[in-house]
Amino acid sequence: MDLKSTEKNARRFYHVVPRPLRRVVKRNWLEWKLRDAKDNAMPDFYIIGAMKCGTTSLYMYLEPHPDVAPASEKEIHYFNTDRDLGLNYFKSHFPPRSSLEARDTPLGRQLVGEATPDYIFHPAAPRLCRELTPDAKLILLMRNPVDRAFSHWKQGHRFGFETESFETAIELEEARIGNAEAELLADPHHYSYAHHLYSYLARGYYAKQIKNWLQYFPKEQFMFIRAEDMFEDGLGVYQNVTRFLGISDWVPEDFSLKFKGVEGDINPETREKLVEHFRPHNEELYELLGRDLGWS
């Protein structure tokens, strides 16, 4: 059989076999393949979000820190899209416990961490995270939800996931997402393309998402960061993060964090409408955090 026919049959199998069955088969295979990962470490901290808020930049500067043992890649997505693939799959992204070096940290060793900005938004993520790592520290960057939504749309438009205008996309959002949140909570195999990619406004309802996480983790385990502070003073924010984690004040030789901004401008009328739309959500957030983030 030639390669073209093999690929065609593989695609046919993928679409005919139900996703839950495909995932069970994949999980069983991974559990066997990654059986040695059972002795790997688990995360001591997570950057849980939010999408388009500077998580990549922050994680990029934490990765080389001598007191940090990073994941094999950014955005493992275990607690959102891949939570049904088994614990060995998750642990395979982290180093063996025996390889962690002794350090002057709260745990007396290197800290293990990962960053998946979708965690804050996925309704099932906090419960699953609590079950595996109840003592983990949680870092959340939050950006003006108007700018975050527009940046999110720009990314989708750039990569071809979104073909509608920004204004049309936010009008369609509720209908597109539908009942995805309940379905994601009910079925560990479920994946919602719309919930993942078209949630321009919903991802900016930070207070709702934080309250979901606070059902499972005490507030003292969180560090809440205004993303604009990260963009304006990356070094200062980075140093605050190292203090929060209890690691040394080591800084990379080249700390040239720069925020490129968003190409293009939001229509002024659209911005004005969104400022009003997010006002009650932002006020709820400010009350929850005990500080005004100054978004308008």
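## The largest cavity

In this predicted model, the lining of the largest cavity is made up of 7 polar, 3 nonpolar and 3 charged residues. The volume of the largest cavity comes to about 110 Å³, and the structure holds 1 cavity of 30 Å³ or more. Of the 13 residues in the lining, those closest to the centre of the largest cavity are Asn80, Thr81, His122, His195 and His196.

## The second largest pocket

By class, the lining of the second largest pocket divides into 8 nonpolar, 4 polar and 4 charged residues.

Two or more residues of this lining come from each of the helices α7 (166-177) and α10 (206-214). The largest share, 4 residues, is supplied by α7.

## Packing of α10 against α13

Helix α10 also takes part in a contact with α13, where the axes of the two helices come within 8 Å and cross at roughly 40 degrees. Angles under 35 degrees would count as roughly parallel, and α10 and α13 are therefore oblique to each other.

On the α10 side the contact is made by Tyr206, Ala207, Ile210, Lys211 and Leu214, while α13 brings His281, Glu284, Leu285, Leu288 and Leu289. Sorted by class, the residues in the contact of α10 with α13 are 7 nonpolar, 1 polar and 2 charged.

## Packing of α6 against α13

Helix α13 (residues 268-289) packs with helix α6 (residues 145-159) as well, at an angle of about 120 degrees and with the axes 9 Å apart. Angles of 65 to 115 degrees count as roughly perpendicular and those over 145 as roughly antiparallel, and α6 and α13 are therefore oblique to each other.

From α6, the residues that make this contact are Pro145, Val146 and Asp147, and they meet Arg271, Leu274, Val275, Phe278 and Asn282 of α13. The contact of α6 with α13 has 5 nonpolar residues, together with 1 polar and 2 charged residues.

## Confidence in the model

The pLDDT of the protein averages 88, and 85% of the residues score at least 70. Over residues 1-15, however, the pLDDT is below 50, and beyond near neighbours in sequence this stretch has 3 contacts in the model.

Conventions:
Residues are numbered from 1 along each chain as its sequence is written. This is a predicted model: local features need pLDDT of at least 70, side-chain atom pairs count only at pLDDT 80 or more; totals for chains, interfaces and linings use all residues. Side-chain values use heavy atoms; hydrogens and water are left out. On a 1 Å grid over the protein atoms alone, a cavity is a set of points where a 1.4 Å probe fits but cannot get out, and a pocket is an open set with protein on both sides within 12 Å along at least five of seven lines; lining residues have an atom within 4 Å of a point. Grid points are joined across faces, edges and corners, and a volume is the space filled by probe spheres set on the points. Ala, Val, Leu, Ile, Met, Phe, Trp, Tyr, Cys and Pro count as nonpolar, Asp, Glu, Lys and Arg as charged, and the others, Gly among them, as polar. Axes are lines fitted to C-alpha atoms, for helices over the stretch in contact, and angles run from 0 to 180 degrees between N-to-C directions. Contact means heavy atoms within 4.5 Å. pLDDT is the predictor's confidence in each residue, from 0 to 100.
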